[in-house]
Amino acid sequence: MAVLTVIIGVVLGVCMLSTALLRWNEMKYRKKGLPPGTMGWPLFGETTDFLKQGPSFMKNQRARYGSVFKSHILGCPTIVSMDPELNRYILMNECKGLLPGYPQSMLEILGKSNIAAVHGPAHKTMRGALLSLVSPTIIRQQILPKIDDFMRSHLSNWTNQVIDIQQKTKEMALLSSLKQISGIESCSLSRTFMPEFFKLVLGTLSLPINLPNTNYHRGLQARKKVVRMLGDLIDERRKSEETHEDMLNLLMNGGDNRYKLRDEEIIDQIITIMYSGYETVSTTSMMAVKYLHDHPRVLEELRKEHLGIRERKRAEDPLDWDDYKSMKFTRAVIFETSRLATIVNGVLRKTMKDMELNGFVIPKGWKIYVYTREINYDPCLYPDPYAFNPWRWLDRSLEAHNYFFIFGGGTRQCPGKELGIAEISTFLHYFVTKYRWEEMGGDKVMKFPRVEAPNGLHIRVSDLYT
Ligand code: HEM
């Protein structure tokens, strides 16, 4: 009896303490003008619910509080906006004090000059420098031949093998961009670079606690090594008489001199290019392989497009700009993959001053999660939204509508959009014209908070014509 009384007492005590803590936290953030919503536990907020329930958490909160609500996720008081009109406004109005709000761990590891850490004139310079590296002319003349050459060799010898397509597309995204940036092939330098880069990426996604054996600490150490390797490369280039046709050469020579960067800025720019294109390109490629496997009719149509291109060329001829531009269905497959899998759930901003948005007052320093995921499943924009239907994108107006946020929007719209599409298209070209494949089965693909296959996505690959 006494034991039972103690247990009941403890349970009641815990309940009362929890209620008091939750109420205290709500009171702490109760400010006039804030949108409705809940703040969860002190310090941790609602992060656990957000990560565990994922999109359902967002949809439940929207059902209770409307399309704009407050929460406390990923360590910060945050306004979540699921309102397409407001999302558009936020993306278009950085100059009104709505700056990127990416976590400290990401900014420290990607460097002071990385594009997400700068704004105003500094952002203009870094962005201008980047855009000049990936203009349509440069993609046509310099980058596409490199991507073609890389994909041919990366995709050779897959016949009669079981491969983890997640691993292969990750290596592909990184090594292909290393080749575009500095002409580095799959050599010893890329073999030392790759593991450090993977540690760097993990570090950006971790809590900024700099203690030995944490991912953050390893990420910071990896950044140091990556910076050293890139610094050495720049020094070697300066000493050598050789000329190079790659992004590093353009960066070192300041393009047309409008965007002359210091060495530290060049290094951060290179890390930014590799980082931004890495997960987006690899995951979209992996998910395209998955969807094509599950939708034979789409695969047939895609293969028809690529075999048609091959028929016009000799086996050794690389893909050229006209081939790439003719890949209408491929582009549609890439958009449909990005939409249905939602490779990017949204983007983060923070307020630089108290601001009025949609009639609410958002305090200075709060994060805004411009959550764009749900727009991808809006039946008004995409009838039968859960079907994988690339044909819908053949109507090019879909790519131009006001709420097309797959590549972001406004002043920070993805500058690597065409480069990313060119890479994935070239990968798909060689993959579907050389091989057929079957999933081994049993692999799970998680859709939230990131799209990933925790144990890999294994496929058995065979020659297309055997
Ligand atoms: C399928 C591939 C890709 C997708 C879905 C994608 C998506 C996005 C999105 C949603 C943003 C907006 C971020 C924000 O507003 O905060 C963005 C920005 C950015 N992307 Fe991409 N991206 C892709 C490929 C690439 C590639 C290949 C590069 C390499 C150059 C790249 C470089 C960047 C950079 C540097 C930014 C920041 C721009 C700025 O802050 O001004 N992306 N991307």
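Predicted model: local features only at pLDDT ≥ 70, side-chain atom pairs only at ≥ 80, totals over all residues.
Me: Which residues come nearest to the ligand?
Reply: Ser276, Gly277, Gly408, Cys414 and Gly416 come nearest, out of 26 residues around the ligand. The elements giving two or more residues to this shell are α6 (121-133), α12 (263-294) and α16 (417-434). The largest share, seven residues, comes from α12.

Me: How do the residues of the shell around the ligand divide into nonpolar, polar and charged?
Reply: There are 15 nonpolar residues, nine polar and two charged. Cys counts as nonpolar and Gly as polar.

Me: How do you know that the span of α16 agrees with what it should be?
Reply: Helix α16 has 18 residues. The expected span is 1.5 Å times one less than the number of residues. For α16 that gives 26 Å, and its end C-alpha atoms are 26 Å apart, so the two agree.

Me: What makes α16 mostly covered?
Reply: The count of buried residues does. In α16, 14 of the 18 residues are buried. A buried residue has 20 or more other C-beta atoms within 10 Å of its own.

Me: Why is α15 called roughly perpendicular to α16?
Reply: Helix α15 (residues 328-341) packs against α16 at an angle of about 110 degrees. Angles of 65 to 115 degrees count as roughly perpendicular. The angle falls in that range, so α15 is roughly perpendicular to α16. Their axes are 10 Å apart, and the crossing is right-handed.

Me: How does the reach of helix α10 compare with the span expected at 1.5 Å a residue?
Reply: Helix α10 (residues 215-239) has 25 residues. From first C-alpha to last, α10 reaches 36 Å, close to the expected 36 Å. Buried residues in α10 include Tyr216, Gly219, Ala222, Arg223, Val226 and Leu230.

Me: Why does Pro136 count as exposed?
Reply: Pro136 has 11, so Pro136 counts as exposed. Pro136 is found in helix α7 (residues 136-154). Glu418 is 282 residues away along the chain, yet the two C-alpha atoms are separated by 8.0 Å.

Me: What makes Glu438 exposed?
Reply: Glu438 has 12 other C-beta atoms within 10 Å. The cut-off is 12 or fewer, so Glu438 is exposed. Glu438 sits in strand β9. Leu131 is 307 residues from Glu438 in sequence and 39 Å away in space, C-alpha to C-alpha.

Me: Why does Ile79 count as buried?
Reply: The cut-off for buried is 20 or more C-beta neighbours. Ile79 has 26 inside 10 Å, so Ile79 counts as buried. Ile79 belongs to strand β2 (residues 76-81). Its C-alpha atom is 9.9 Å from that of Tyr371, which is 292 residues apart along the chain.

Me: Why does Tyr382 count as partly exposed?
Reply: Tyr382 has 19 C-beta neighbours inside 10 Å. Buried needs 20 or more, and exposed needs 12 or fewer. The count of 19 lies in between, so Tyr382 is partly exposed. Tyr382 is found in the loop between β8 (367-371) and α16. Arg392 is 10 residues from Tyr382 in sequence and 7.8 Å away in space, C-alpha to C-alpha.

Me: What is the phi of Asn358, and where does Asn358 lie?
Reply: Asn358 has a positive phi near 50 degrees and is a residue other than glycine. Asn358 lies in the loop between β6 (355-357) and β7 (360-362). Asn358 has 15 other C-beta atoms within 10 Å, so Asn358 is partly exposed.

Me: How do you know that the bond joining Phe448 and Pro449 is cis?
Reply: Omega tells you. For the peptide bond between Phe448 and Pro449, omega is about 0 degrees, and the bond is cis. Most peptide bonds are trans. Pro449 lies in the loop between β9 (435-439) and β10 (458-463).

Definitions and conventions. Residues numbered from 1 in each chain as written. Near = placed C-beta within 6 Å. Helix = DSSP H or I, 4+ residues; strand = E, 2+ residues; numbered from the N terminus. Axes fitted to C-alpha atoms, helices over the stretch in contact; angles between N-to-C directions. Parallel < 35°, antiparallel > 145°, perpendicular 65-115°, else oblique. Left-handed = near helix turned anticlockwise from the far one by under 90°.
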